[in-house]
Amino acid sequence: MELKETLLMPKTDFPMRGNLPKREPQIEQKWYDEKIYQRVLDKNKDKTPFVLHDGPPYANGNIHMGHAMNKILKDFIIRYKNMNGFYSPYIPGWDTHGLPIEQALTNNKKINRKEKTVAEFRELCQQYALEQVEGQKTQFKRLGVLGDWDNPYITLQKEFEAEQIKVFGKMVKDGLIYKGLKPIYWSPSSETALAEAEIEYHDKKSPSIYVAFKVVDGKDILSGDEEFVIWTTTPWTIPGNLAICVNADLEYATVAVSGRKFIVAKELVKSLAEEFNWDNYEIVATHKGSDFEYMTAKHPIFDRESLLILGDHVTLEAGTGLVHTAPGHGEDDFNVGRKYNLEVLCPVDHRGYMTKEALEFEGLYYEDANKAVGQKLEENGALLGLKFITHSYPHDWRTKKPIIFRATEQWFASIEALKPQMMEQIKEVKWLPSWGEVRLGNMIKDRADWCISRQRVWGVPIPVFYAENGEAILDEAVINHVANLFREKGSNIWFELEAEALLPEGFTHPGSPNGKFRKEMDIMDVWFDSGSSHHGVLVERGLPYPADLYLEGSDQYRGWFNSSLSTGVAMTGKAPYKTVVSHGFVLDGQGRKMSKSIGNTVDPLKLINTYGADIVRLWVASVDYQADVRISEDLIKQVSESYRKMRNTFRFLLGNLNDFNPETDLLDYDSLNEVDQFMMIRLNELTAELKAAYEEYRFDDVYKSINNYISNDLSAFYLDFTKDILYIDAKDSHARRSIQSVLYHHVCDLVRLLAPVIPHTADEVYSYIPGSTEVSVYLTDMPEVKLYENADEVSAKWNQLLALRHDVLKALEIARNEKVIGKSLNASLHLYPDASKKALLESLNADLKQIFIVSDLVIEEGQAPDQALQFDGLSVIVEAAEGHTCARCWLIVDDIDEAGICNRCSEVVNG
């Protein structure tokens with residue numbers, strides 16, 4: 001027999017190469033064939049529920065990196081909770097109503113809407129949405145995300161819509177729903193009202209104009225030849241001007257220049273003089289803003305007067321200190337106009353064209369009206385200044401085109417009435433990051449109402465009927481009747497039947513003596529759909545309310561977190577979530593927003609096909625997701641390298657357990673050698689550290705801690721020196737079985753601790769562990785944190801030894817560089833410790849030659865020679881060991897036998 005055949009080298013069929021793109025789909029198929037998700041829930045059915053409620057992605061197109069990060073983060077949590085004593089179902093959801101699907105059909109599928117009835121067009125929308133759901137579902141599953149994929153919640157489902165209508169009904173009953181004329185965000189490009197969450201800001205070039213309004217009635221305070229000066233970047237709204245607003249407490253100056261007198265805020269005179277190139281001007285009078293109340297000025301274009309009014313929103317930040325006020329075109333304008341009973345004039349239609357109320361500007365698109373209005377002002381001598389500025393301006397998030405403020409009749413939910421409860425509930429929620437509380441609180445604080453109606457067809461109808469006299473019928477019983485119809489037939493019935501057929505049988509109303517009714521044709525804001533999902537999913541499916549956790553992108557403070565809080569408090573008085581975690585956006589490697597036009601998008605599906613889902617998941621774990629994160633090919637390669645180390649470590653552990661049977665060979669803790677006990681203590685500390693990180697959703701700490709442990713504790717220390725025992729000692733030697741017991745605990749615990757992050761690899765590793773009994777690691781539990789009575793004493797000793805070992809390794813490295821030795825086994829170590837280090841070395845129940853991986857080690861007495869390397873409390877001399885090299889273990893020894901091996905090896909070989 002050759003000597004190499006006597007060595008107990010690692011043996012395992014666990015492959016070195018992950019080959020994840022090929023192997024992962026096979027593992028996933030096994031999960032579904034074996035019904036792993038359902039078996040996990042069955043195992044945990046009597047445990048405490050932990051519910052992460054899924055915020056629904058929009059069902060349109062392939063998933064992007066933001067989707068991937070979001071779903072993977074959720075899967076980390078669900079897997080961890082299910083393995084750590086909880087019953088944690090995951091019901092994935094989809095948002096399926098709204099404009100993008102309508103546009104996809106008309107633009108991409110070339111559907112001619114005019115040839116279809118509303119009900120027919122909605123059927124096509126539904127088909128398209130469900131196709132998109134199936135496409136995204138396949139992609140999400142390929143990320144390794146497990147959940148109830150056969151029974152997701154989809155906002156177009158009958159039962160979901162029915163529950164949504166009941167939420168609306170309860171809000172009607174409580175007086176929270178009303179119809180009103182009010183300026184709202186309006187998208188001419190989409191021809192519909194928009195919610196705040198559907199707005200994004202982009203730079204826009206706009207005309208900046210200064211306009212003079214001549215005083216008509218100065219209330220005997222002004223002489224009558226003055227002109228009030230306003231500033232605006234929306235000249236097209238001048239036809240809607242009904243007032244000029246000033247701040248009661250500001251001081252205003254009358255400035256005489258070039259034969260005219262202009263009234264502006266006194267503090268702004270100097271900057272405005274530069275703006276208008278006033279060389280010789282004089283302040284001839286000053287007045288308090290309050291003096292101007294109820295004065296009138298001539299509209300600079302039309303034959304009517306504008307009223308001078310007071311408002312706290314007027315500041316000195318920009319403009320002239322006098323604010324052009326068009327109640328039909330702005331929230332502040334509308335609110336202040338109400339105090340003065342101003343008409344809500346809105347001379348622009350749903351497509352953005354000026355109406356007949358704009359007189360000579362009728363028929364112009366609002367942006368074209370900017371130029372026409374400017375020219376008319378110039379003709380009339382009212383235009384004092386014009387230039388173009390680039391500023392941040394609200395745009396429709398779908399069409400990317402500018403929006404306008406336009407007063408229309410819309411349905412609103414009162415936030416004002418819910419505000420005290422909502423603000424109180426925000427304090428009860430745990431926010432990660434903590435600034436989320438302030439962010440959402442500020443949004444609620446500054447909001448009076450929520451415009452919930454949309455002028456589209458693909459959505460949940462607003463279940464309101466109108467009597468013959470035009471009165472809106474807001475009746476909870478009628479609304480619940482509609483909810484029951486939707487549950488049975490779906491919401492398309494609203495567009496298929498006449499109003500009378502949708503009402504309860506025999507329904508009468510004093511406003512309809514002839515029994516005729518009409519129905520509302522607006523649909524609900526899609527944020528009302530997803531915002532009521534806490535009832536459409538949690539309550540509908542018998543899960544606890546509130547959910548334990550909502551986890552979404554940071555844009556959802558104005559979106560889903562916000563709408564869910566509004567409806568949740570309206571329904572129950574409580575927030576629908578106990579904890580809210582938000583994540584940042586995924587940027588490219590240079591920190592730029594991903595954009596098709598730049599060409600810097602990173603496709604998660606391509607990454608999975610190249611590297612594997614576990615690599616993408618490991619990247620998610622590696623980043624501080626609560627801020628914006630970066631991804632690039634280089635970053636993925638770095639993560640791949642970490643994965644390679646993890647995989648090689650698992651392979652080493654498994655390879656050295658090939659002759660280990662946990663039933664017969666596993667030693668208990670008290671029977672382990674001291675260094676092996678130390679490693680069990682370190683593993684226990686790591687377990688506590690990782691479980692705490694999982695509990696607090698600090699996945700980057702999971703990644704860092706496990707990487708550090710594999711690199712420092714295992715590769716650089718324990719797995720390095722134990723090879724001498726694992727390969728060389730007799731198969732059943734106590735030292736070897738002691739180490740194998742530690743390796744066994746490591747592979748069992750590490751695979752479970754990593755299972756939430758790299759579930760494919762964890763399942764693969766688990767299948768090779770001796771004695772593993774489950775079909776998937778997901779059916780096992782997280783390792784428990786144990787209590788070892790001698791942990792403090794053993795840790796203290798061995799941590800000191802590791803610090804001393806660091807110095808010894810440095811001495812060996814210097815000796816290697818000086819060609820004193822080759823590898824460390826060529827070395828004879830002479831240590832000169834001080835008293836405390838000597839006591840430490842003597843207290844260790846270990847073969848220090850093996851720990852330092854040298855052939856000879858002598859702890860010397862007395863003073864170290866001058867040539868010794870000096871460290872803290874230790875001097876070291878490294879010499880070349882003298883003797884014969886054992887042909888089997890490579891140690892340099894005094895004697896070898898005729899086979900060329902040392903006594904230790906001879907005993908093993910000859911048994």
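View 1. G553 has H583 in β26 as its bridge partner. The model is predicted: local features need pLDDT of at least 70, side-chain atom pairs count only at pLDDT 80 or more, and totals for chains, interfaces and linings use all residues. Numbering starts from 1 along each chain as its sequence is written, and side-chain values use heavy atoms, without hydrogens and water. β25 and β26 (residues 577–583) are parallel, with 6 bridges. Strands are DSSP runs of E, at least two residues; helices are runs of H or I, at least four; both are numbered from the N terminus. Pairing requires at least two DSSP bridges between two strands.

View 2. β25, α17 (residues 560–572) and β26 form a right-handed β-α-β unit. Right-handed means that, with the strands pointing away from the viewer, the path from the first strand over the helix to the second runs clockwise. In β25 (residues 547–553), 7 of the 7 residues are buried, so the strand is largely enclosed by the rest of the structure. Buried means under 20% relative accessible area, exposed over 50%, partly exposed in between (1.4 Å probe, protein chains only).

**View 3. An open antiparallel sheet.** Its 4 strands run in the order β6-β5-β17-β19. β6 (192–193) and β19 (449–451) are the edge strands, each pairing on one side only. β17 (residues 404–414) joins β19 through 3 bridges. S414 has D449 in β19 as its bridge partner.

**View 4. E102 in helix α4.** E102 sits in α4 (residues 99–108). E102 is buried, at 1% relative accessible area.
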